[in-house]
Each structure stands twice: as C-alpha cells, then as structure tokens.
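Subject: Structure for your files

Hello,

Please find the structure below. My notes come after it.

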Amino acid sequence: MSEPTALEREADAIVEGARASLVDCPCGCNRDATAPLFEEMPNEELLFDVADLFKAFSDTTRIKILFALMGRNLSVNEIAEAVSCSQSAVSHQLRTLKQARLVRAERSGKNVIYALSDDHVYTMLAQGMTHVCE
C-alpha cells in the first residue's frame, strides 16, 4: 500500500476532528441513529430542502469560504483575502451560505464576523473530502 498523499492526510485529519465532535450527537449523525430516517420516503418539502442545501455546496468559492471559516471567525475582508476573491464576490456567496444556514453572522462594531453555523457543516465538508479522496 502506498503512502497517503498530503491531501489524503488532510482529509483524514478533518474527518477525525469531525468524528470527535459527533460523540453522542443529539441529532443522530451516526449510522445506527439515522437508520430510521431511511425506512420510508421523506415528504417532498423535506426533499426539496435537502436538495437546496446541497446546491449551496455546488460552488467552489462557497466551499473555499466554508473551509476558510473552519475553526475561526472572519470578517468579509479576511475571507476575501483567504479565498483570493473580491469583497463583492465573497459578500454575494455569503448571502447564499447564510440562506442555507451554513454560516452565521454577528456584528462586531463596524464589521460583520462570519462563522460556520454548527458542527454539522464541518462534518459535511469532512465527509465530502473523504468521499472524493477514496
């Protein structure tokens, strides 16, 4: 078996962090707890909401923003610098991420500080990285 690449090691570290944060998760993020969710087809409205959530992940700039916010809170200026985009482009993408409830915003003086909404966002990113690295 070959040595894992840097990307695979990074993905593994992200997944391990996400797993650590899911111990006894009250929403049932582990397979045993979520099994009842898949016993029958969810209603159309719920399926529509899930599809909208995944649409929010369909843009590379939005994914970069989410990764920039992992473990730290940033202003629009700091996010723009981290993802090498204009402030205008970042603001536009943040609006989509806020609507999908993937990020939250808090005013700090004249600045608005953004953060990931909760550990589930971290977990979804980690699982995505694991999936594409397999």
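Predicted model: local features only at pLDDT ≥ 70, side-chain atom pairs only at ≥ 80, totals over all residues.

Residues are numbered from 1 along each chain as its sequence is written, and side-chain values use heavy atoms, with hydrogens and water left out.

Helix 6

Helices and strands are DSSP runs numbered from the N terminus (helices: H or I, at least four residues; strands: E, at least two). Helix 6 covers residues 87-99, and its 13 residues should span 18 Å at 1.5 Å a residue; the expected span is 1.5 Å times one less than the number of residues. The end C-alpha atoms are 18 Å apart, which agrees.

The buried residues of helix 6 are V90, Q93, L94 and L97. Viewed down the helix axis, the buried residues fall within an arc of 110 degrees, so they line one face of helix 6. That arc is taken from the directions from the helix axis to the C-beta atoms. Residues three or four places apart point the same way because an α-helix has 3.6 residues a turn. The face turned away from the buried side carries the exposed residues S88 and Q99. Buried here means under 20% relative accessible area, exposed means over 50%, and partly exposed lies in between (1.4 Å probe, protein chains only).

The cover over the buried residues of helix 6 includes helix 3 (44-56), helix 4 (60-68), helix 5 (76-83), strand 2 (103-108) and strand 3 (111-116). Q93 counts as buried because its relative accessibility is 11%. Leaving out residues up to four places away in sequence, Q93 touches D59, T61, R62 and I65, where contact means heavy atoms within 4.5 Å.

Either side of helix 6

S84 is in the loop between helix 5 and helix 6. Its phi is positive, near 55 degrees, though S84 is a residue other than glycine. S84 counts as exposed, at 66% relative accessibility.

R101 is in the loop between helix 6 and strand 2. It is not a glycine either, yet has a positive phi of about 60 degrees. R101 is exposed, with a relative accessible area of 68%.

The hairpin

Strand 2 and strand 3 run antiparallel and are joined by six bridges; strands pair if DSSP finds at least two bridges between them. A105 has Y114 in strand 3 as its bridge partner. Two residues lie between the strands of this hairpin, and G109 takes a positive phi near 65 degrees.

Regards
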